[in-house]
Each structure stands twice: as structure tokens, then as C-alpha cells.
Amino acid sequence: MNLKNTVGASLALGLMAGAAQAQTEIEWWHAMGGQLGETVNQIAENFNASQGDYVITPVFKGTYEETLTSAIAAFRAGEQPNIVQVFDAGAATVIGAQGATIPVEQLLNDNGVGFDIEDYISGVRNFYADADGQMIGMPFNSSTPIMYYNADALEAAGVEAPATWEEFAETTAPALVEAGYIPLAQSHLPWIFTENFFSRHNLPFATNDNGYTGVDTEILVNHPAIRDHFTALTEWQDAGYFEWYGTGWADNQDPFEAGEVAMWLGSSGSFGGIADRVEFNFSATVLPYWEAVTTEPTQTFIGGAALFAMSGFDAEENAATAAFFDYLDSVDAQVMWHTETGYVPITTAAYAAAAEQGHYDEFPAAEVGIQQLMLDAGENTRGYRMGFYVQIRDVMNREYGRILTGETTVEDAFNTIEAEANDLLSRFAQTQG
Amino acid sequence: MKRAAFGHIGFPILLLIPQLAIIAIFFYWPAGYAIQSSFYLEDPFGFGSTFVGVDNYTRLASSSSYMSSAWFTLIFTSLVTFFALAIALLLAVKADKVIRGAKTYRTLLMWVYAVAPPVAGLIGVMLFDQSRGNITQLLGMMGIEYRLGVNYWDTATAMISVSIWKQIPVNFIFFLSGLQAIPRSVREAAMIDNPSGTRRFWDITFPLLAPTGFFLLIINITYSLFDTFGIVDTIVKGEPGNNPMTLVYRVFVDGFRGQDLGGSSAQSVVLMILVLILTVVQFRFLERRIHYT
């Protein structure tokens, strides 16, 4: 092809593209690999097919951390995507960076889509909202920790799933050990046995209303209730009631699926995978609580991730993002996402629709996460907002691991976590100054 | 001999510019930026930054977990370098002696070189897996409870062995060609002088291999410090917890995962200085003992 032809061809292509550009194209960076990624692509396809004005392109960017890092790097270079998925522990970074994103509530209202926070399930409303309750990120793949149990194992041991940790220690665990099982394992100590432990017992996790109302936050993790809990864990470990398989998520889930461990604390979103893989009958129930700490246990909050609309786009593209969020919140999209993946639906309407379709008659365990998110709320149950929280979690993981391998005492570990977390928090406050 | 020379200074400089530009853009500029940002605390999105002086460095010095990573890196690097070189040398010497079927042996030993590093790391992880790993099961049969990801030193053992294993083929290839470059006449002369194989090895072969060995030493230290990142990452599954970490992995954990750009930059600068010192020491002191032929 000579030069003249090349120029001609590219001109023609340019014109064609111009003609097709009546549609606004937006990009969505996410961290959903494998099966989840396929469902994400399906959602995008459904949205594109549902209307003719906008086209969304989902792009898989790796793990949660990698996705956030790519988005930040892209933002600094002025090449950010329209929508980015950010996980729970990274929320403070994004929400703290005012001007990097458009609050989803504002985006929806500005584009005439309408928004009512009361539409959302109560445990969903606040985690990605600011101090005034304005929703900043659109909850997407939301999950909460629940307790899965091997129904066959519990039956063999002649016990029911425990409602309290006292019941677990006195009745359930000894019977399960007798029946030849390791009674308990869990995945992700900071998430389940710290963040949601504080929420379940309605204890304050950090100053400034768990960090929502300021950046000069101090962590309140060094609390007698959680110290007692970890002391109990070490005792249970010695007695064979509890086993810890390391920081790896799957390392703790695998023994449950293999039928060695009778009860496993994990994500409500793990439901689909377990159903595919296990041979035994399983079910799930809400997280146990300590009766010694509270007689009125409260709800947990959502983990998982949310979608943030990044700033720096023209009105047309923002309208496309708003339209997509509107679609995502629709009952159809939510029910599809919920039933395909096991993540909880975020609106009460979608929950009702899934119930009506008989989804929970078929899979009772799928409802547990939502029920837990709808339990009574307390003043400390809406979540937490702390900067450099990924590093704080790393500190927790390190110290908890040291407790459970006998390298440190519970007291020393919590003193270390408190000191290092507060140091990180004050550093984060400095970056926001 | 005819000497080539430029009549003018401008032309050689012009020829050097592309190379210099590449070094400047891909090395000096990021390095300078790392040094600069190590004195700041920066908002991840770049909205604001605060000058904190040497705070980021003093924090590292006073952090017990950073210091324990530093100690681990030292142990890790020494062990990986030593064993990767020693085992490869042993294999090379043995393979060099083989007469019948020599090619097959060599091919079998070099084969592993063709395996991509992440695959090698993954194979290692599978062997050491907590519940299904073959090595774990083997140790279990011998009554040893091996728990990758739970026990600090068990995890360390896996990291070290996988890293050694992956590096052996490279060293083997270099050592073998080094051995084969030793003139036959020298060997024969040595054979007449001393019938002891061990003495011959240490007196003749080893010094003649020294240039190869020195080159490999530097390559292996750099490998242990930096290239083992993928292995560390696969073994700790991205969640280090109470498992050991090398300093390079820590830069990633704090910088990429934790978005702490200032702290992470300070760590990279520390590493940069370490490597600089190491290189100077090696070339100043060690290289003097080596004779190139």
C-alpha cells in the first residue's frame, strides 16, 4: 500500500468511526477474575444491549490492590477509567482523595437518575458513604462474613450450629472433636475476627466515629473483648477446637471443603464455590457472638468492593456512568449478580425479588449474609474509615499469626498493633494535610 | 595494529547519546525521583505532599519488622547464593567427567533453564503446599510436621529451596562451559603432578574457573535480592502475614499494596545504596584475587 492509499484508508476509517460515535464509550476497571469476570462481562453486555446510547467496556486489572494501584497511576497520568472497582480496605484512600472521584449520589442526582439511600439494605448504606451519609462509592460485589457449617458433621456430633462463642466452647466444639472433626477454622482474621467482631458486638473500632468524621483518627483495637477473644482462640487451638492454617484465604477454606473442619467462617460470596465443590450437606448461619460482651448482638457491614466514578470526564461520559450505575442497581441486574455469584444484593427490592423467585428455598445459605446485614444496627456498625488500612491489616495479620504460632502473647501483640496502626494513621493524616 | 580514532570529539558523543539517554530516562530519572519522594509523605492520588525530611528513613531504622526483614534478606541471600553456586559447580564438575552419554546428562540438567521462572516458582509452591504438596506429605510420613504459611521457618525453607532450585541450571551452564574452556594440556599436566582429584580441583580447576565464579557470584546475589520476588509472592500468596519477606518484596507491599509512596521510596533508596556498596566491595576487593586469562 502506498502512502496515498494509507492516508485515504485512515481517513475513511476516521469518518466511519465518527459516524459510529453517536454512542458514548466508557471504561470500567475491575478485579473480578475467572468465573466472576465472566459474570461481569455478562452484566456489561446486558447493559450495552439494553440501550443504544452508551457502551461500557470492562477491563480486568488483576487483584484488588493492583486495580487500585493502576487506577491511581492512571489518574496521576490523566488516563483514568470512568469507573474503578475499589475494595473495602482501600476505600479510605479513594474517599480521602477528594476530587479524584465524583460521589455516586451526586452523580446520580445530577443526571436525573434519582437516588434514595433508604433503597439500600441497612448494612450496605454506610460503608462507602462519607460522614454525612452521602454515598461516595456504589456498592457492587458486597459480602459479609458468615459461618458455614458441615450439616452432616453437626448431625453426627448431635449438635446445632452455635449462636454464641460460649455455646461453641462448651457444647459444640467438644462434641465435634468427639465426632472426629476439627470444629472451627476461619479465613482473614482482620476482616472477620477484628473489623466485623467490633461491629457484631457494637464496640467502637476507632475514634472519630470509626474514622468517618476526621483524619486524626486513632484505632481502638486494643480492647479487652477482642483480647479475650484471641486468648480464647489460643486456648481452643490447644484443645483442638480451632485450627489456623495461615494467612492464605484458601488454606483455611480447603480443609472445610475437604470435610476435615466442621465449621468455617468465610465470605457470604463464597457460597457458590462451596456449593459446586463439596460432597456433604452444608448450610450457613450468622456469626456467633460473645454473650459475656453483649446480649444484643448487632449487624455486620459489607466488605467486598464498590465502584467509584472517577472525575475528569465530560458531562456526556458522566451521564453514561450514571446510566450504568442505574442499570446496576436495577432489580434484574442485582438478582442476576446475586444468584450467579453469591454476593449479596444491595437493595431491599432486589432481595425481595430473589426471595420471590424462590432462590432461598433452594439455597437457604444464600440468604444468611443479607439477614445478618439487616440485623439491628448500632452506633458502631456502619463500618470504618482508616487510611493506610491495607498496611494496618498487614500488621494485624503479622501479629495474629505470631499469636497463633506462639511467638508472642496476646497482650504484646495488641500493644504492637495499636502502636503501629496509630503510627500509620498519623502518617496518613499528614498526607491529607 | 591499526588504531581507530575519531578526529573530532563531537562525533563520538553523538554516538553515545542514545545509550546515555536510555540510562538517563530509565535509570537516573526514576532513581532521582525515588530519592526525592523518599523525603516526602504523599497522598496516593498526588493531591498533596508534605516534606518530612529523613522521617521515612528513621522510621525504617526503628521498625523492628523492617529490621527482621533485613536480617531475613541477609540470610536468604547468603544461603541462596551459596547453595545455588555450590550445587551447580558440583553438578558441572560431575557432568564434565562423564564420557558416555554426556550429552544426555547435560541436556537433562540444562532443561530446567527453559522453564519460565513463574512456572518454576509455581511448581515449587505445589510441592510444598500445606495440604497437598508432595514434599509436605513426604515429610509427614517421616513424622515431620511441615506447615507452609504458618511456621515462619517452614515458609523460609520453601522460599530458599525453590529459589536455589530455579537458579541452579543457569549457574550449571556457565560452570560447565567454564570447565570446558580449561585447556586439555593444563589438565594433563596437573594429572601428572598430582593424582588426587580433590587437590587438582582446588589447585588448578577452581582458580581457572574463578572469573566465571566471580561473574556468577554477582549475578546470583542480584538474583537473590531482586529476581526472587515472584517466588516470594507465590509462596506468601500476596498476604505475607507473619511469614518472612525479603526487602524487595517489602517495597512492593508498602508501596503498591499499601500506597505508602514515601516510605516505599525510602526503602528503595536503602536497597539502592546497599547494592552500590556491595558492588564496590566486590570489584574492589574480590576481583583483585582473580586472574583473567
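Student: Why is Glu407(A) called partly exposed?
Tutor: Its relative accessible area is 37%. Buried means under 20%, exposed over 50%, and partly exposed in between, with a 1.4 Å probe and protein chains only. Since 37% falls in between, Glu407(A) is partly exposed. This is a predicted model, in which local features need pLDDT of at least 70 and side-chain atom pairs count only at pLDDT 80 or more, while totals for chains, interfaces and linings use all residues. Residues are numbered from 1 along each chain as its sequence is written, chains are lettered from A and ligands numbered from 1 in the order in which they are written, and side-chain values use heavy atoms, leaving out hydrogens and water.

Student: What makes Arg402(A) and Glu407(A) a salt bridge?
Tutor: Their side chains meet at 3.9 Å, N to O. The rule asks for a side-chain nitrogen of Lys or Arg within 4 Å of a carboxyl oxygen of Asp or Glu, so this pair qualifies. Arg402(A), with a relative accessible area of 28%, is partly exposed.

Student: How do you know that Asp260(B) and Arg427(A) join two chains?
Tutor: Their closest N and O atoms are 2.7 Å apart, which makes a salt bridge. Asp260(B) lies in the loop between α11 (247-257) and α12 (261-286) of chain B, and Arg427(A) in helix α19 (residues 410-431) of chain A, so the pair joins two chains. Helices here are DSSP runs of H or I with at least four residues, and strands are runs of E with at least two, numbered from the N terminus. Both Asp260(B) and Arg427(A) are buried.

Student: What makes Arg398(A), Glu399(A), Arg402(A), Glu407(A) and Glu420(A) one network?
Tutor: Salt bridges that share partners join these residues. Over all chains, the count comes to 20 salt bridges.

Student: Which side chains meet at 3.5 Å, N to O?
Tutor: Those of Glu243(A) and Arg147(B), in a salt bridge. Glu243(A) sits in the loop between α10 (224-239) and α11 (249-257) of chain A and Arg147(B) in the loop between α6 (134-141) and α7 (152-180) of chain B, so this pair joins two chains.

Student: How much of chain B counts as buried?
Tutor: Of its 293 residues, 41%. The secondary structure of chain B comes to 12 helices and 2 strands.
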